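The points may be checked in order against the coordinates.

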Amino acid sequence: MSQVAYTPRVFSGIQPSGGLTLGNYLGAMKRFVDMQDEGIETIYCMVDLHAITVWQDPDKLRRATRELCAGYIASGLDPEKSILFNQSQVAEHTQMAWIFNCVARMGWMQRMTQFKDKAGKNAQNASLGLLAYPSLMAADILVYHTTHVPVGEDQKQHLELTRDIAAKFNHDYGVDFFPITEPLIEGAATRVMSLRDGSKKMSKSDPSDMSRINLTDDADTIAKKIRKAKTDPEPLPSEVEGLAERPEARNLINIYAALNEQSVAQVMADVGGRAFSEFKPMLAELAVSKISPISGEMARLMQDTAEIDRILASGAARARAIAAPILKQTYEIVGMVGA
Ligand code: AQP
């Protein structure tokens with residue numbers, strides 16, 4: 001088979017497994033928006049099939065999927081420029097995932113730290129989907145011959161697995177068919193940490209709502225969560241090196257830098273020497289000024305769920321038009337009759 005010329009293409013997804021957090025926004029969504037106008041095709045997905053790897057209430061899942069779509073648009077994604085859709089509407093993802101289930105090795109899946117974290121002590125009782133989910137993620141990406149994936153740092157290992165699956169498929173079938181996708185893990189907030197524990201990722205599914213800022217939080221709630229965020233008694237250092245042993249301080253500075261589109265060094269030069277009692281209100285004001293317009297627009301968009309469903313259906317049709325021929329070629333390579 002001849003070398004495929006890969007058109008630069010961006011794909012990424014977010015699970016509708018709860019409300020959106022500031023971590024999802026800074027690590028993923030804000031960067032999706034930045035990439036939309038770079039002249040590359042951008043495809044963004046609500047990965048509802050990933051969400052059900054742990055049980056979801058069906059009504060809540062429907063609402064979270066629509067709210068995530070509203071969040072994408074409120075953050076600045078334009079459904080005409082970017083393709084926005086929910087994963088379950090494009091069956092090619094799961095069809096490709098089956099092929100990849102037969103390429104990926106059990107040992108690869110069992111090494112995934114997110115599986116170990118989410119399955120916890122009772123891994124025997126975790127769903128088979130939770131173990132297989134990174135293979136579906138590889139399919140999400142490769143069914144579009146995606147060249148670049150913007151993600152937070154927690155997804156790095158899954159992106160490496162995607163590259164391993166692409167390389168093994170190409171090797172096993174003697175083809176150069178799937179690209180070796182590049183992860184794009186960039187910016188000051190690639191790993192936003194919990195406000196209660198600087199060693200834990202900020203997550204939608206953390207039992208403590210005080211650990212995260214939700215994109216739907218009102219101004220008072222955002223200010224309260226930042227005021228109560230765990231810190232240490234020292235004033236802020238002026239040099240980046242001074243944050244090395246201070247995870248909570250580092251997290252708040254990283255959040256400030258990402259929201260204000262500054263480097264961490266610039267922020268340190270401005271706020272070094274200040275006490276947290278002075279810095280936290282600055283951060284709260286900045287966070288409210290960035291998040292409030294998004295939450296207001298999300299609430300407005302959620303009043304017309306029929307329009308959201310129309311956007312998702314139209315995005316799914318555009319996505320399918322790209323994915324179907326790539327799946328067909330994959331079937332031909334693998335040896336499926338009638339493909
Ligand atoms: N804390 C974070 N900092 C930076 N980026 C983050 N992302 C998630 N949390 C942070 C990025 O957001 C994108 C979508 O993630 P996801 O919803 O598909 O799954 P997740 O990484 O498992 O996020 P959560 O919030 O922790 O969800 P639950 O609790 O359901 O597992 C990804 O690009 C991710 O890197």
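The points below take the basis of the model, then helix pairs, then cavities and a pocket.

1. The model is predicted: local features need pLDDT of at least 70, side-chain atom pairs count only at pLDDT 80 or more, and totals for chains, interfaces and linings use all residues. Residues are numbered from 1 along each chain as its sequence is written, and side-chain values use heavy atoms, with hydrogens and water left out.

2. Helix H3 (residues 58-75) packs on helix H12 (residues 276-301) at an angle of about 130 degrees, with the axes 8 Å apart. Helices are DSSP runs (H or I, at least four residues), numbered from the N terminus; axes are lines fitted to C-alpha atoms over the stretch in contact, and angles run from 0 to 180 degrees between N-to-C directions. H3 and H12 are therefore oblique to each other (under 35 degrees counts as roughly parallel, over 145 as roughly antiparallel, 65 to 115 as roughly perpendicular and the rest as oblique). The crossing of H3 and H12 is right-handed, that is, the near helix is turned clockwise from the far one by less than a right angle, anticlockwise being left-handed.

3. In the contact (heavy atoms within 4.5 Å), H3 contributes Glu 67, Ala 70, Gly 71, Ile 73, Ala 74 and Ser 75, which meet Ile 294, Glu 297, Met 298 and Leu 301 of H12. By class, six of these residues are nonpolar, two polar and two charged (Ala, Val, Leu, Ile, Met, Phe, Trp, Tyr, Cys and Pro count as nonpolar, Asp, Glu, Lys and Arg as charged, and the others, Gly among them, as polar).

4. H12 also packs with helix H9 (residues 219-227), at about 145 degrees and with axes 9 Å apart; this crossing is right-handed. Ala 219, Ile 222, Ala 223, Ile 226 and Arg 227 of H9 are in contact with Lys 280, Leu 283, Ala 284, Ala 287, Val 288 and Ile 291 of H12. The H9 and H12 contact has nine nonpolar, no polar and two charged residues.

5. The axes of H4 and helix H13 (residues 305-334) come within 10 Å and cross at roughly 25 degrees; H4 and H13 are therefore roughly parallel. Their crossing is left-handed. H4 uses Glu 92, Gln 95, Met 96 and Ile 99, while the H13 side includes Arg 320, Ala 323 and Val 334.

6. Two cavities of 30 Å³ or more are counted. On a 1 Å grid over the protein atoms alone, a cavity is a set of points where a 1.4 Å probe fits but cannot get out, a pocket is an open set with protein on both sides within 12 Å along at least five of seven lines, and lining residues have an atom within 4 Å of a point. Grid points are joined across faces, edges and corners, and a volume is the space filled by probe spheres set on the points.

7. The largest cavity holds about 70 Å³. Among its lining residues are His 50, Lys 118, Tyr 133 and His 158, and the lining has five nonpolar, five polar and one charged residues. The second largest cavity, of about 40 Å³, has a lining that includes Lys 230 and Glu 248.

8. The second largest pocket has a volume of about 290 Å³. Of its 16 lining residues, Asn 101, Leu 128, Leu 131, Ala 132 and Tyr 133 lie nearest its centre. H7 gives the most to this lining, with seven residues.

Conventions
Helices (H or I, at least four residues) and strands (E, at least two) are DSSP runs, numbered from the N terminus.
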